[in-house]
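Colleague: Could you take me through this model and tell me what stands behind each label you use?
Modeller: Gladly, let's have it on the screen.

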Amino acid sequence: MNIVLSVNGVEHTIDVHPGELLRTTLRRLHYFSVKHGDETGESGADAVLFTLTPEDPRSYRLRNSGVMLAAQADGASIVTVEGLSSPRNEDLHPLQEQFAQTGAIQCGYCTPAQLLAAKDLLDRNPDPSEEQVREAIAGVLCRCTGYVKPVQAVLRAAAQMRGESLPPLEFHLINAPDAGEWPTSDEDDRDGGDRYSPPEGPAPVQTKTAVKTAPARLAAPHTAVVNKPEVKVDAIKLAKGRAVFADDVEMPGMLHGGLLTSPHAHARILSIDKRKAEALPGVHAVLTHEDVERVMYASGGQSYPQPPPYDQVSLDAKVRHVGDRVAVVAAETPELVQQALELIEVEYEVLPAVFDPAEAMQPGAPVIHDEPDAVDIHDAEHNIAVHIHVDHGDVDAALANAHFVYESEYRVPQVQQAHIEPHVVVTWWDEDDRLVIRTSTQVPFHVRRMIAPLIGLPVRRIRVVKPRIGGGFGGKQEMLIEDLAAHLTMATGRPVRFEYTREQEFTSARSRHPQVLRFRSGVDEQGKLVGMDVRVVADAGAYGTHGLTVQMVTGFRALSTYWLPAARFDCDVVYTNKPVPGAFRGYGAPQALFGLEQHMEEMALAMGADPLAFKRLNWIKVGQEMPMAVAMGEGRDGFPQTVRSSGLEECVQEGAKAIGWERRDDPAWKTDPERPWIKRGIGLAICMHGTGIAGLDMGAASLKLNDDGSFNLLIGATDLGTGSDTVLAQIAAESLGVPLEQVIVYSSDTDFTPFDTGAYASSTTYISGGAVLKAAEDVARQIIEHTAKHLIEGADPDRLWLEDGLVKSPDGQSVSLETVALHSIHQEEQHQIMATASHMSYVSPPPFAAQYAEVEVDTETGQVTAKKLVMAVDCGIAINPVTATGQVEGGMLQALGYALSENMAYDEAGRVLNTRFGDYRIYAADETPDLEAILVQTYEPSGPFGAKAIAEIPMDGVAPAIASAVFDATGVRMCEIPVTPERMWQAMTG
């Protein structure tokens, strides 16, 4: 049937199927800003401005195009983000401009819908309050930002549209001059002067170019691009809704893929009859375990060799959880895919299932992995995928001789990454008969290596392209559906688009490992820790992906945050018949620190000590080694680690000021006389994370000078919304003396960009940034050498420097980079000025943080409400304060869900009960507490421009800080999360 739509003022007549969704129709018309976040409209990513009476401009309202039939929109007028501005950047709508300026855009997947929701508000109310802005955008879920910067952007855009002048952006940023090794100034370097002490305000950062600065520049070293709030290099295209995500592509003859999943938690497939599905017109392939070669693998996107066990195949004759793979289909339309899946007849032998790790280890429990070809399962008979045992020192003797010993146990849940963009991949054969995989992944190079044996192609015939990613949080550090799409393309010879539904994200993707953690610690008479014994039982679900390494991180964080002369970690990672955990932002640390921080606080109180003083006495300090780094590594040999920078004390002090820590001792504040059933409390958690994996993570970069003095930067590093493309470009721009816009970034294409391990382990700024810095230093050296030899007569290359797009000399002469480029390419000693560099580090400098939480507890209902979260974090030098604070704000809100509301719930048959956003609640904009990020800058000598990591540490401290605040408010210790009203009420009423 034909319908007529007016979209952004352009009239379209289009033939639609009777069941076609409006979202599908708009994307067929190439309005790719309209996104698929779910099938129920609860994500809000599919929102458009819609009216059936376009003659009334005030009649436009926000509508979910993914729950409306295209036929219902016949005659409608629709506005998408593509219609907010002209193709020229200078014609941005004020909302788009402010979203870019404030850093409101992280992954950018939900940005178009947020912009439209904001426009809908401002069209009706040009001067909204913050509360009204939050209410207006609440229907558009965002997993990245914490909503702080989007709300700020809307308020600033409203003021701009009213003609008001805008104040500069502000960030809470301080320096910790006594917290490690700050760089010397250039004058000190030459003359042997004292070490440079940074002044108050944004830190002046030592420029690490290989070329000495000229004598004319004797002032303390300041930066022009690094440590500045530069606008993200991808912000404009994301604000304009450009077709940049994996699914934003159409190819001739493209088929749609779909997955048939198991309805049973544990079963053998006795037979599959696919004849009816294959006979359906428009169906081009139906594949089962009988059609795909059986190759064992581990799906976690990790470096070679993959950590064991290898316990998966693409399609199997046995299913081990509800949502496990059974068959895949490729057909002309998504509707045909669904019909074909329903026509596949499967006969199952249902087997006994086990859902509790403790039960799964017992004799006689169902054996989940009885296949003979699985590799390196620790104890398949008892369902133990991995066993870890690490000792440092004599823990038994230390505890036996301790002055005081304390033991406690904690439980943490299985939670889902809930990135708004589902897993999606498009595969096709290119003109050279090479398989191209365009996928939303954090690990494109790992995917290429891992998929090759599964599909029977050599690596040289596979190209993996990572476009923009609509959030990942570890969930896309997995080769999850790429092999299925590839098998379908190889079976049909046609392009295939394969995307998970929101339900499949919960049942067939990955999540966070649930754990039971038991701590036993001892102290001497001075309150110093003498030993700690940590025992963990982790639920691996049906497969062991990331099972070893996540739990190794749990053990390392539990036993390294405080200095220990003796430590032991013992862990069983246990198979159950539940959907599979894997990588999730924080990667084992949130589990560890929930237990550790509670344990330390309880222990202090049991001794009659002040918890903060006890922690301060014992936390690891500058100059101390981390013994467990050598003892544990991360599934392989470890390397010695010594703390060289820590602003933890300053983090504690600054966070205390921001939260109002002194109110803990004010009875008048802790109980509201007008609401006596409400109790208030404030809690604190200490956090330490890592910066890459020592001796393992590697990144590379290639940089070349263009004719006009600009640069092309090619990196394998994967930006999943963290701003890494921008941060790496800032490092290059600073080193080369040019503004950020002079660096053009290309990333994450296995054919054209250098290798990078990918976006995980908080490694990109530190590892990939180190590679960019090396390449930029090499290019700077080449530019200066060519200039000294050919363009500035008599110049000493050691006295030249790069600044403002020029090569400068102490005598006032200068040459533009454009002149250098043209001369070196076309005129004399012609050569391309370019460099490629790699970087790997045997050290992993820890970022530190103090996480504070303020709560109110309703003693009548058990409802715990977070009122304010403050994280003061030492990430070294913040290369970009906007992106850094954005990571902290968004991470805190994710972590708040872990603490208070998120949990994958199951019925007795192992079915996930909350597989939609309406049931699995992540925070909306009108539900968030006050969030404050404080950057406490130290200088990490091993990092580019003094940087350490920041992306994951915001996940680590919220849950224990909330539990601490709840105890402060009520005197009730919550040893299990999430702290739901039911759980809280039961704990209070006994």
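Colleague: Why is Asn 227 called buried?
Modeller: Buried means under 20% relative accessible area, exposed means over 50%, and partly exposed lies in between (1.4 Å probe, protein chains only). Asn 227 has 4% relative accessibility, so it counts as buried. This is a predicted model, where local features need pLDDT of at least 70, side-chain atom pairs count only at pLDDT 80 or more, and totals for chains, interfaces and linings use all residues. Residues are numbered from 1 along each chain as its sequence is written, and side-chain values use heavy atoms, with hydrogens and water left out.

Colleague: Where does Asn 227 lie, and what is its phi?
Modeller: Asn 227 lies in the loop between helix H6 (186-191) and helix H7 (235-239). Helices (H or I, at least four residues) and strands (E, at least two) are DSSP runs, numbered from the N terminus. The phi of Asn 227 is near 70°, a positive value in a residue other than glycine. Most residues other than glycine have a negative phi, and most peptide bonds are trans.

Colleague: What makes Ala 418 buried?
Modeller: Its relative accessible area is 0%, so Ala 418 falls on the buried side of the cut-off. Ala 418 also has a positive phi, near 55°, and sits in the loop between strand E14 (404-412) and E15.

Colleague: What makes E15 mostly covered?
Modeller: In strand E15 (residues 424-429), 5 of the 6 residues are buried.

Colleague: What makes a set of residues a nonpolar core?
Modeller: A nonpolar core is a set of buried Ala, Val, Leu, Ile, Met, Phe, Trp, Tyr and Cys residues joined through side-chain atoms within 4.5 Å. The largest one here has 168 residues, and Leu 529 and Leu 900 are among those with the most contacts inside it. Helix H24 (residues 881-900) gives the largest share of this core, 9 residues. Apart from it lies another core, of 44 residues, including Val 727 and Leu 800.

Colleague: Why is Met 840 called partly exposed?
Modeller: Met 840 has 30% relative accessibility, so it counts as partly exposed. Met 840 lies in strand E30 (residues 834-840).
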